[in-house]
Amino acid sequence: MEQTFVILKPSTISRSLVGDVLTRFQRKGLIISGIKMMQLDEKILREHYAHLVDRPFFPWILASMTATPVIVMVLKGKDAVNVVRTMTGATNSRVAAPGTIRGDFGMSGQENIVHASDSLESAAVEIARFFKPEEIFDYELPLMASLYAPDEK
């Protein structure tokens, strides 16, 4: 099974949407392998958003992502990267489809509720950036047989 990385952004925290977003991931059948709250700082944000550091809007990202603590998570499941990306919806929440996390809870391109890894490679890098190996847990839910066919595990 794949692992992917998610950040519940300050907009999620400040709008009291943590439970709503977590519930969606769990109801889908994704396993929370790691989760913690942390305050991001400029150093880790410059690393995480290295591809945007030279853009004129990067100071807005810094201000936004340090406004409150965030919740970082590792989610596990079959095709987890694509499943989570589909669930989160388009980056710009105004055009994200209804039924997606951003489509239902967001109105912004920047204040868009969640960050989700876009590939297995970026998920591995991001997980290593935010989690120590001992903070990731490998377990199965008792209802796995209700989530997956035997050849999908």
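Where is Asp79 found? Keep that in mind as you look through these views of a predicted model.

**View 1. Asp79 sits in a loop.** Asp79 is found in the loop between β3 and α5. Its backbone is worth a look: phi of Asp79 is near 55°, a positive value in a residue other than glycine. Is Asp79 buried, partly exposed or exposed? With a relative accessible area of 39%, Asp79 is partly exposed.

**View 2. Ile113 is another loop residue with a positive phi.** Here you can find Ile113 in the loop between α6 (residues 101–105) and β4. The phi angle of Ile113 is near 75°, again a positive value in a residue that is not glycine. Its relative accessibility is 0%, so Ile113 counts as buried, given that the cut-off for buried is under 20%.

**View 3. Helix α7 has a buried side.** Which residues of helix α7 (residues 120–130) are buried? They are Ser122, Ala123, Glu126, Ile127 and Phe130. Seen down the axis of α7, these buried residues fall within an arc of 130°, so they line one face of the helix.

**View 4. Several elements cover the buried residues of α7.** Look for the strands first: the cover includes β1 (2–8), β2 (31–38), β3 (70–77) and β4 (114–116). Helices α3 (42–48) and α5 (80–88) are also part of what covers these residues.

**View 5. The whole chain puts the close-ups in context.** Along the sequence they follow the pattern β-α-α-β-α-α-β-α-α-β-α-α. The radius of gyration of the chain is 15 Å, close to the 15 Å that the globule rule gives for 153 residues, so the chain is as compact as a globular protein of that length. Along its principal axes, the C-alpha trace spans about 50 × 35 × 25 Å. Of the 153 residues, 46% count as buried. Among contacts with a separation of 6 or more, 75% come from residues 24 or more positions apart.

Definitions and conventions: Residues numbered from 1 in each chain as written. Predicted model: local features only at pLDDT ≥ 70, side-chain atom pairs only at ≥ 80, totals over all residues. Heavy atoms only, no water. Helix = DSSP H or I, 4+ residues; strand = E, 2+ residues; numbered from the N terminus. Rg over C-alpha atoms; globule rule 2.2 N^0.38 Å. Buried < 20%, exposed > 50% of the residue type's maximum accessible area, 1.4 Å probe, protein only. Contact = heavy atoms within 4.5 Å. Arc of directions from axis to C-beta.
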